[in-house]
Protein chains: 4
Amino acid sequence: MKQVNKVVLAYSGGLDTSVIAKWLEETYRCEVVTFTADLGQGEEVEPARAKAEALGIKEIFIEDLREEFTRDFVFPMFRANTIYEGEYLLGTSIARPLIAKRLVEIANETGADAISHGATGKGNDQVRFELGAYALKPGIQVIAPWREWDLNSRESLLAYCEKHNIVVEKKKGKSPYSMDANLLHISYEGGILEDPWAEAEEDMWRWSVSPEQAPDQSTYIELSYQKGDIVAIDDQPMTPATVLAYLNKVGGDNGIGRLDIVENRYVGMKSRGCYETPGGTIMLKAHRAIESITLDREVAHLKDELMPRYAKLIYNGYWWSPEREMLQQMIDQSQLPVNGKVRLKLYKGNVTVVGRQSDNSLFDENIATFEDDAGAYDQADAAGFIKLNALRLKIAANKGRKLL
Amino acid sequence: MKQVNKVVLAYSGGLDTSVIAKWLEETYRCEVVTFTADLGQGEEVEPARAKAEALGIKEIFIEDLREEFTRDFVFPMFRANTIYEGEYLLGTSIARPLIAKRLVEIANETGADAISHGATGKGNDQVRFELGAYALKPGIQVIAPWREWDLNSRESLLAYCEKHNIVVEKKKGKSPYSMDANLLHISYEGGILEDPWAEAEEDMWRWSVSPEQAPDQSTYIELSYQKGDIVAIDDQPMTPATVLAYLNKVGGDNGIGRLDIVENRYVGMKSRGCYETPGGTIMLKAHRAIESITLDREVAHLKDELMPRYAKLIYNGYWWSPEREMLQQMIDQSQLPVNGKVRLKLYKGNVTVVGRQSDNSLFDENIATFEDDAGAYDQADAAGFIKLNALRLKIAANKGRKLL
Amino acid sequence: MKQVNKVVLAYSGGLDTSVIAKWLEETYRCEVVTFTADLGQGEEVEPARAKAEALGIKEIFIEDLREEFTRDFVFPMFRANTIYEGEYLLGTSIARPLIAKRLVEIANETGADAISHGATGKGNDQVRFELGAYALKPGIQVIAPWREWDLNSRESLLAYCEKHNIVVEKKKGKSPYSMDANLLHISYEGGILEDPWAEAEEDMWRWSVSPEQAPDQSTYIELSYQKGDIVAIDDQPMTPATVLAYLNKVGGDNGIGRLDIVENRYVGMKSRGCYETPGGTIMLKAHRAIESITLDREVAHLKDELMPRYAKLIYNGYWWSPEREMLQQMIDQSQLPVNGKVRLKLYKGNVTVVGRQSDNSLFDENIATFEDDAGAYDQADAAGFIKLNALRLKIAANKGRKLL
Amino acid sequence: MKQVNKVVLAYSGGLDTSVIAKWLEETYRCEVVTFTADLGQGEEVEPARAKAEALGIKEIFIEDLREEFTRDFVFPMFRANTIYEGEYLLGTSIARPLIAKRLVEIANETGADAISHGATGKGNDQVRFELGAYALKPGIQVIAPWREWDLNSRESLLAYCEKHNIVVEKKKGKSPYSMDANLLHISYEGGILEDPWAEAEEDMWRWSVSPEQAPDQSTYIELSYQKGDIVAIDDQPMTPATVLAYLNKVGGDNGIGRLDIVENRYVGMKSRGCYETPGGTIMLKAHRAIESITLDREVAHLKDELMPRYAKLIYNGYWWSPEREMLQQMIDQSQLPVNGKVRLKLYKGNVTVVGRQSDNSLFDENIATFEDDAGAYDQADAAGFIKLNALRLKIAANKGRKLL
């Protein structure tokens with residue numbers, strides 16, 4: 001067994017990570033530092049302090065990372081119109097690199113030689129935490145209790161608590177789902193979702209009303225962009241986290257952002273997940289709209305072709321990698337002219353773009369018009385354009401080459 | 001001026017192509033053959049016969065191509081989850097190659113040495129018609145009157161009609177939009193849409209009710225797939241065109257499939273377009289769902305990375321090209337296991353996947369489960385997996401390499 | 001420890017795999033089946049029989065796989081002009097899938113429940129063997145002694161031999177390099193090569209003379225292609241393995257095919273390797289030449305863009321994967337017109353293409369000519385072609401958009 | 001005909017562009033400004049002054065652009081290991097954007113409203129000149145006489161000279177080839193090369209001796225890199241143009257850099273070309289070598305996958321485009337750690353890397369070694385790595401999925 005002196009634990013205050021805190025101490029005879037972050041999951045983080053203290057923790061870090069999370073992780077990702085496997089907005093994936101970074105920084109600060117987390121050995125999160133940690137601090141030890149211990153059921157966890165005097169809150173209506181939440185989304189896995197044919201139950205969803213329950217009146221909003229990021233809503237300047245919180249609210253109220261998919265995990269299996277991403281769903285649609293008038297065609301297409309690879313990097317846990325940063329560099333560069341406004345209509349689950357405008361617009365009404373363009377475009381040019389583009393096809397056909 | 005003996009004209013029966021028929025005869029002193037196809041545009045094609053006869057046309061081709069269009073063009077395209085620029089389902093683009101093919105075949109049959117069409121010199125359609133024609137019959141002449149003549153306004157067209165005794169139908173409520181329709185979609189351009197900030201007017205839309213007007217009750221449907229294509233709805237076997245017509249109906253009734261975008265044309269300008277694609281919108285969502293349980297992860301990702309390029313080929317008019325066929329080969333191959341069922345909920349503009357099942361499913365509940373998996377998956381494997389994936393990052397960090 | 005009844009061992013007859021045979025028997029108390037293949041490594045395989053018998057092996061498989069190896073693995077790979085990291089012709093990588101396949105087939109035949117190999121835990125070969133085996137027979141056990149035992153030095157291996165009465169041949173002039181050979185190449189690693197600044201010693205190389213030692217006269221050869229594969233040399237029809245052996249001979253005699261690189265292993269480290277691939281070096285150059293006149297431009301470019309990914313799949317051990325097969329399908333399809341002849345000059349390390357011809361050539365002298373082309377090409381078409389390709393750039397510049 | 005007041009002509013001083021100068025004046029009744037650049041083509045540019053004066057030109061620009069050409073165009077291109085269609089080092093393509101830029105700048109300076117060049121309507125160069133000009137100055141007029149006039153033979157050009165008193169130099173031994181040269185390469189097209197089966201004649205080549213004629217002794221050189229560019233040879237600091245000139249000399253002396261290919265032009269035809277690129281051939285090989293120890297694996301692979309597209313952009317004339325600049329940004333970023341030295345052996349056409357070293361090396365001898373690594377790498381990690389990478393393949397096989 002590895003020698004560990006002090007370990008920084010990603011600590012939620014819940015049952016699992018409370019058990020982990022004790023188990024680390026007991027198993028590795030090491031000091032435990034807890035780190036609890038407010039990433040917008042919608043639960044108070046301050047109560048984690050008392051719980052950690054009750055466990056005898058001496059170094060307790062509790063931080064509000066909502067702005068950093070949105071500004072440095074969520075927004076850069078949305079600049080690329082990022083979607084994994086055509087559907088998933090990467091709400092869980094994008095939060096992990098920030099946690100990995102803070103775990104490592106706190107380890108540096110407190111002189112810890114290890115970090116620990118409560119992710120299981122079957123999921124993607126362990127990969128995301130650990131790749132990040134190794135990339136940022138290659139000598140770090142990582143302890144992943146779920147891959148090591150034998151407390152593999154709720155019963156054994158509860159027994160462990162009893163034995164070690166860990167206070168367990170009685171939550172009524174404990175969800176049957178495995179959930180994760182941050183300012184970008186909330187996710188659900190497990191329970192009846194393990195049958196991909198079973199419809200998710202209405203009472204599972206927490207962040208949005210159903211389209212059926214949403215208001216009968218549509219809501220219009222205007223998003224203002226600077227360099228690809230939203231800086232104001234309805235002309236009200238807002239910080240990144242405020243933008244996202246606002247869009248979650250208005251989106252969730254209008255039944256926007258539910259998703260039910262089967263996805264491919266990096267560790268090799270398919271899994272069913274349900275997600276609510278109200279603000280993200282609006283942002284994706286709106287960002288494409290502002291890009292549609294401000295980006296050059298070939299720049300946009302290059303971004304589109306590279307997006308699946310960029311999404312995969314984030315999904316698989318390679319945020320802290322040179323190849324992600326290389327792509328980010330290119331993506332960020334492309335966003336310099338992505339300024340202007342998008343007007344949206346929100347209604348019962350629908351996000352509709354109804355207008356876009358920009359001082360950097362490349363939309364040229366004089367050329368695009370169906371009316372007389374006063375010579376801005378010479379239609380005769382098209383003949384040569386087509387003929388030379390066809391030349392290789394004509395030569396091939398002339399030489400008897402058959403299309404398949 | 002090129003010497004032309006006989007020309008096959010893509011003839012709608014409307015004002016523009018009627019003028020073209022006469023203009024071709026007059027300008028090139030050639031015989032004109034008309035070709036009118038039912039691609040599901042929703043208007044009778046048979047009336048085109050009388051109109052062509054009134055123009056003195058002797059060889060008149062009127063054909064119902066709805067099945068061929070759906071089976072050989074629309075369905076293959078949807079196997080790739082094809083979307084242009086993140087939004088557009090290529091409803092116009094995919095109809096052009098079939099028209100090009102039939103124009104060429106009719107030219108071969110009737111001994112014509114030219115084809116002609118009514119597409120303008122500013123748009124993509126001229127490119128799609130002509131690239132197809134040149135690829136399939138390299139010696140063909142193409143006459144594109146809008147690039148040649150000086151009848152550049154509705155007034156001059158009407159004057160031409162009067163002069164040449166062409167009967168012009170008085171349509172009441174002539175749309176201010178330039179429209180195109182086929183079984184996959186209907187499109188709108190021009191008019192107030194030329195201002196990208198202006199919201200489309202509700203009375204523009206023709207194929208779908210607005211989400212607001214859609215029923216308050218949701219509709220559930222089940223789509224059955226074989227090799228990536230829908231073969232039955234609610235267990236009723238249907239032909240491809242019947243599938244698409246059915247989905248257009250149920251989709252349109254539920255306010256599904258409206259789109260408002262600015263897109264990049266192949267000829268170099270941005271243009272605003274509105275589209276209704278009710279059935280296609282449902283098909284895209286459902287196809288991703290059936291693939292999500294039947295496709296291998298890396299196959300799915302490869303498809304996703306190549307899709308934008310495939311979409312661009314179709315948008316730009318390269319359906320009849322060896323590179324499109326090469327990609328199609330690969331896409332079609334991937335669809336062999338894409339069999340099974342998808343269950344969907346349709347409600348006021350929303351298409352929600354609520355279930356998917358397949359005898360070819362790669363979803364393994366025993367491995368994916370949050371419950372005890374009886375050793376199907378060894379969590380300890382993840383440690384080695386992560387460590388070797390991290391190795392290059394650790395070496396770099398150890399050697400002092402900074403992430404950006 | 002896993003329960004194993006019978007294991008099929010990839011057996012070379014050398015020291016390492018002889019020790020492994022005994023160690024498997026001793027450690028797992030299981031029967032051992034040996035499999036020895038002639039892949040063109042240049043050493044007799046029949047002597048392995050006596051050695052296996054001396055070890056008490058009862059089921060001994062010795063096979064000549066040179067034709068299958070070349071026809072079903074090497075040739076398909078060369079259809080894609082495959083190179084890893086711009087330099088490496090994948091000589092080792094491409095042999096592993098065939099061995100994996102035969103190990104699994106022999107396991108099926110002999111009722112074995114495990115396979116074993118002598119690859120170390122640091123290299124790519126373990127990955128290639130095992131991914132292949134798992135893909136083809138998911139329930140198979142894999143035993144990789146180098147990852148399990150403690151015989152980690154030559155001394156401990158020799159001690160083991162002495163203890164277990166394993167006869168060790170005294171090779172004089174034992175190479176200081178770790179080598180691997182098959183009909184496609186021979187590789188060298190380790191020894192002084194572990195210093196990337198150190199030049200390889202001349203006496204390391206075994207398959208080729210140095211360019212300095214090669215003849216002062218050049219050699220011309222003509223290769224005939226059908227569907228992308230060489231079927232005759234100098235008009236002599238030959239089988240795949242005969243082609244490759246012939247090209248190795250003539251290439252090696254002319255100092256062709258040496259390579260010295262640092263490459264990136266799948267397991268995460270960089271490693272220095274030297275390779276001799278005389279025939280492969282000739283084949284790559286010649287295949288590009290025959291494609292240059294027979295492939296459509298866009299097909300060729302698509303192949304070029306996908307090649308690095310295809311190469312990576314083979315390097316990383318994913319020959320037996322659906323994504324490799326999906327790409328292969330597309331590549332093979334592209335080769336239907338790749339027929340004809342290439343004429344090459346070989347001289348002191350240089351492979352020069354001096355001619356190419358094909359009945360499927362798309363080279364059109366009438367159009368390409370600098371002389372009068374009698375109207376085959378209308379130069380005026382180029383103006384429109386350029387103008388429309390420039391349009392988006394002009395609009396952007398007109399609107400004040402600066403290039404970076 | 002377009003109205004032109006003053007035109008800047010890319011003027012070589014040769015027959016063709018002298019005729020063009022006069023023809024422009026006569027045809028467009030406009031003033032002509034000549035621009036002659038030393039790009040390292042190996043001919044004096046100063047004599048062009050007298051010739052221009054003899055033609056009555058008043059504004060004459062003669063410039064030495066060798067450093068700018070190498071520093072801002074050639075070197076950035078080589079950072080990407082750029083090759084078109086697997087073979088071509090883009091020697092002609094990369095010179096055109098600089099000429100386009102200077103033509104536009106001189107037009108701005110002299111108040112000219114048009115530019116003109118001597119490229120034909122069949123080739124790529126017209127596209128490269130004109131796309132660049134339009135991108136940099138969208139209102140510019142471009143006059144391409146070869147697409148407009150009827151002087152389509154040498155005879156008619158000579159007749160024109162006689163008629164207009166243009167002095168024609170009698171060159172003895174006029175080459176039968178169409179040639180282009182700059183510091184990166186010299187190219188040959190036309191003549192007997194129009195038959196792709198015909199071997200190029202030895203006396204065609206001008207910049208390099210044949211491998212047969214090269215010295216019997218090899219030459220060793222050491223190249224020093226900073227951020228991906230060569231800054232010194234054999235420890236002698238040199239400017240970019242000096243580097244390239246030096247490598248051309250030593251490469252040409254050693255028979256390095258000849259190439260004979262059939263390539264695909266952007267305008268749609270295949271064409272045969274022969275090239276001498278001695279310095280470039282050395283640079284490509286050496287740059288890959290320095291990258292091999294300094295670049296992260298995934299960064300290198302990403303570069304490799306994007307390279308064909310980047311090469312195509314340059315070949316097709318899109319140097320001055322936002323998508324090329326976007327890729328360049330990413331490529332340049334990747335080069336920050338590409339520092340160090342490469343040692344090369346040059347011998348009769350061969351460029352062999354014999355050593356590479358760098359302070360930024362990611363090569364880790366402790367991990368890569370075949371000897372005892374003192375625990376730097378845990379071979380047991382490989383088992384988990386392989387098992388999780390195999391998981392999707394195992395699940396598929398378990399569910400009866402057959403590889404194709």
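Predicted model: local features only at pLDDT ≥ 70, side-chain atom pairs only at ≥ 80, totals over all residues.
**Chain C against chain A**

In the contact between these two chains, 28 residues of chain C meet 28 residues of chain A. The size of an interface is often given as the accessible area lost when the parts come together. For chain C and chain A that buried area is about 2500 Å², and carbon and sulfur atoms account for 61% of it. Three residues, C:Leu388, C:Arg392 and C:Arg401, supply 25% of the area that chain C buries against chain A.

Two salt bridges are found across the interface of chain C and chain A. A:Asp296 forms a salt bridge with C:Arg392, and the closest N and O atoms of this pair are 2.8 Å apart.

On the side of chain C that touches chain A, helix H10 (297-316) and helix H13 (381-398) of chain C each supply at least two residues. H13(C) gives the most, with eleven residues. Sorted by class, this side of chain C has twelve nonpolar, six polar and ten charged residues.

**Two domains within chain A**

The domain assignment of chain A gives domain 1 (6-76 + 89-163) and domain 2 (178-295 + 337-357). Their centres, taken over C-alpha atoms, are separated by 27 Å. The contact takes 22 residues from domain 1 and 26 residues from domain 2.

One salt bridge is counted between the two domains. It joins the side chains of A:Asp180 and A:Arg96, at 3.2 Å from N to O. On the domain 1 side, helix H3 (66-78) and helix H5 (125-136) of chain A give two or more residues each. H3(A) has the largest share, seven residues. By class, the domain 1 side has nine nonpolar, eight polar and five charged residues.

| Interface | Buried area | Part on carbon and sulfur atoms |
|---|---|---|
| Chain C and chain A | about 2500 Å² | 61% |
| Domain 1 and domain 2 of chain A | about 1800 Å² | 65% |

**A residue of chain B**

B:Gln333 lies in helix H11 (residues 322-334) of chain B. B:Gln333 counts as buried because its relative accessible area is 18%, and buried means under 20%. The side chain of B:Gln333 makes a polar contact with the side chain of C:Gln329, at 3.0 Å.

Terms used. Residues numbered from 1 in each chain as written. Chains lettered and ligands numbered in written order. Heavy atoms only, no water. Contact = heavy atoms within 4.5 Å. Buried area = accessible area lost by both parts, 1.4 Å probe. Salt bridge = Lys/Arg side-chain N within 4 Å of Asp/Glu carboxyl O. Helix = DSSP H or I, 4+ residues; strand = E, 2+ residues; numbered from the N terminus. Nonpolar A, V, L, I, M, F, W, Y, C, P; charged D, E, K, R; others polar. Buried < 20%, exposed > 50% of the residue type's maximum accessible area, 1.4 Å probe, protein only. Polar contact = N/O pair within 3.5 Å; in protein donor to acceptor, adjacent residues only side chain to side chain. Domains from an automatic or database assignment.
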